[in-house]
Amino acid sequence: MAKIIEDVSRTFSEYLLLPRLTGKGHLSRNVSMQTPVARYNAGEQPRLTLNLPFVAASMQAVSGVEMSIALARMGCAAFIYCSQSIDQQAAMIRKVKAHKAGFVESDSNLKPDDTLADAVAISRQTGHSTMPVTHDGSNKGKLLGILTDKDFWEFEDDLSAPIAEFMTPRAQVVHGSVGLSLHEANLLLRKHKKECLPILDGEGYLHSLVFKKDYVDHRKNPNEILDSRKRLITAAGINTHDFQDRVPSLVDAGADIFAFDSSDGYSEFQKDAALWIREKYGDRVVLGGGNVVSGEGFRYLVESAGLDFVKVGIGGGSICITREQKGIGRGQASALMDVVAERNRYFEKTGWYVPVCSDGGLASDTQIILALAMGADFVMMGRYFAMTDESPTPRVSISGRMYKPYWGEGSNRARNWQRYSSGDEANLKFEEGIDGYVPITGSVKDTLWLTAEKLKSTMCNSGAPTLAEFRDNAVLTRISQQSFVEGGTSNVVRLDTESSIVD
């Protein structure tokens, strides 16, 4: 007969944190939220860390180019979704990598006999206002000049005129030479009060560009996470079906972190795919897997597949109906604590620390904080990020309020059948996700800032200046339904945002 686990499957809303001693040095400005995203051995440093413990889920309605750029600049990551063609996903990764790269290969190039209309078209396509002019119109051609949107008036000048009449000629272009450092390039930009510095080889051929805005961006975003070439760290979702074609293309595009996107990752399919990736790329990429809801599932993926991190959670997402459809899953708090306990046992036995990601079931900032207190190294969220300006879906007005569409990767709208296919059916016969709308909260920067400030305040209340100490020192208590009610407002008259009175 079936084995019955007597313990109740519990959720985050059933717990509260008890405060610990807050020392004089436990101030928000002293709190570090840096967290590992790659496994590491005791006494060593992880080869990749996040500066904030938040990542965006691999979902069509969540993780596009804009979200990936915004989160990487804040010290987080967004997993660009794999429910699209390999070429489309690789192109998205390249766009993120090209956003801030120090030495950038130009993607907006012209020939001297091209017209202003050609320049306007390229500018609208790429969003770039600075365009090198080379002898052959390539990004490696001999530099003949530079054209910017300050050199002509789109609605006044003759757009059929050749750009050679408007560009700044090569002799007047301040440039650098191949071999100079990024610091030296920025010094030249500052000295000559320029926005863009072309880098040329000894024969005058264009090598790359350096922009002032990249330096400014870095100063404004000190938490951003970068690769060895000063490009933004980029993450991608993958599956266990086309990984032998998809992963090499994404690695070539510059992806740094991969995670299998699966409702149930406790499978030989995921193990085999992970082993193939490890054999081909070693530790060159960070590789995560899951999802699991038990210590048994965690141990299998870590020991047999050598994953860098493991995602926890089945059926807890706001648009996920796996539990309802298939009767598979577990309360997110119970699942997380079971996996964390196994992670800690594995660390004590082997000396290898494997980060855990709590994925789904987070309905508020409080629950995000509780997940981290229960042992998660970072959390993955969909709805939270889908509500921000940077999510890739359009704004929709419903009854006078602004919303964004939001749907699950297991929904009919996503058409992401590979995520659930067992390999022997032509199509998915039922859905594991729904299609709906979420209210808009504003920019992801403002939204994450508020969550991070709440987390730092709670860490101070817990006497923990780091997330590792927060996990080790946290004391949680179960609460009753009446305790939950008591924690809300009561016996007062309050005004809501629309100035109506409620009791």
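This is a predicted model: local features need pLDDT of at least 70, side-chain atom pairs count only at pLDDT 80 or more; totals for chains, interfaces and linings use all residues.
If we take Phe54 as our way in and set aside its neighbours within four places in sequence, Phe54 is in contact with Cys76, Ala77, Ile368, Phe378, Val379, Met381, Phe385, Leu448, Thr451 and Leu455.

For the chain as a whole, buried residues make up 51% of the 503 residues, and the chain has 15 helices and 25 strands. Among the contacts with a separation of 6 or more, 64% are between residues 24 or more positions apart.

Now to the barrel. In which order do the eight strands close into a barrel? Going around, the order is β5-β6-β13-β14-β15-β16-β18-β19, and the pairing is parallel. On average, and with direction ignored, neighbouring strands of this sheet are turned by 25 degrees against each other. To look at one pairing in detail, strand β6, residues 77-80, and strand β13, residues 235-238, pair in the parallel sense over two bridges, and in that pairing Phe79 of the model stands opposite Ala235 in β13.

Helix α8, residues 295-305, lies across β15 (286-292), β16 (309-312) and β18 (356-359), and runs at about 155 degrees to β15.

Please stay with helix α8 for a moment, and consider Arg299, whose place is in that helix. Is Arg299 buried or exposed? With a relative accessible area of 18%, Arg299 is buried, because the limit for that term is under 20%. Not counting residues up to four places away in sequence, Arg299 touches Ser304, Glu342, Arg345, Tyr346 and Lys349.

That brings me to the aromatic pairs, of which the count comes to eight. One of them joins Tyr40 and Tyr353, and this pair is tilted, with 5.4 Å centre to centre and 35 degrees between the planes. Because Tyr40 lies in strand β3 (residues 40-41) and Tyr353 in strand β17 (residues 352-353), the pair ties together parts that are 313 residues apart in sequence. Tyr353 itself is buried, at a relative accessible area of 8%.

Why is the pair of Phe298 and Tyr346 edge-to-face? Their ring centres are 6.5 Å apart and their planes stand at 85 degrees, and planes over 60 degrees apart count as edge-to-face, so the pair takes that name. Phe298 lies in helix α8 and Tyr346 in helix α10 (residues 332-350), and therefore this pair ties together parts that are 48 residues apart in sequence. Phe298 counts as buried at 0% relative accessibility, and Tyr346 counts as buried at 7%.

Returning to Tyr40 and Tyr353, these two form one aromatic cluster together with Phe347.

Finally, there are charged side chains over rings to point out. Arg39 lies over the face of Trp352, at 4.9 Å from the ring centre, while the charged end of Lys213 sits over the ring of Phe211, 5.4 Å from its centre.

Methods
Residues are numbered from 1 along each chain as its sequence is written. Side-chain values use heavy atoms; hydrogens and water are left out. Contact means heavy atoms within 4.5 Å. Two strands pair if DSSP finds at least two bridges between them. Helices (H or I, at least four residues) and strands (E, at least two) are DSSP runs, numbered from the N terminus. Axes are lines fitted to C-alpha atoms, for helices over the stretch in contact, and angles run from 0 to 180 degrees between N-to-C directions. Rings of Phe, Tyr and Trp (its six-membered ring) pair if their centres lie within 6.5 Å; planes under 30 degrees apart count as stacked, over 60 as edge-to-face and the rest as tilted. Buried means under 20% relative accessible area, exposed over 50%, partly exposed in between (1.4 Å probe, protein chains only). A charge sits over a ring if NZ of Lys or CZ of Arg is within 6 Å of the ring centre and within 35 degrees of the ring normal.
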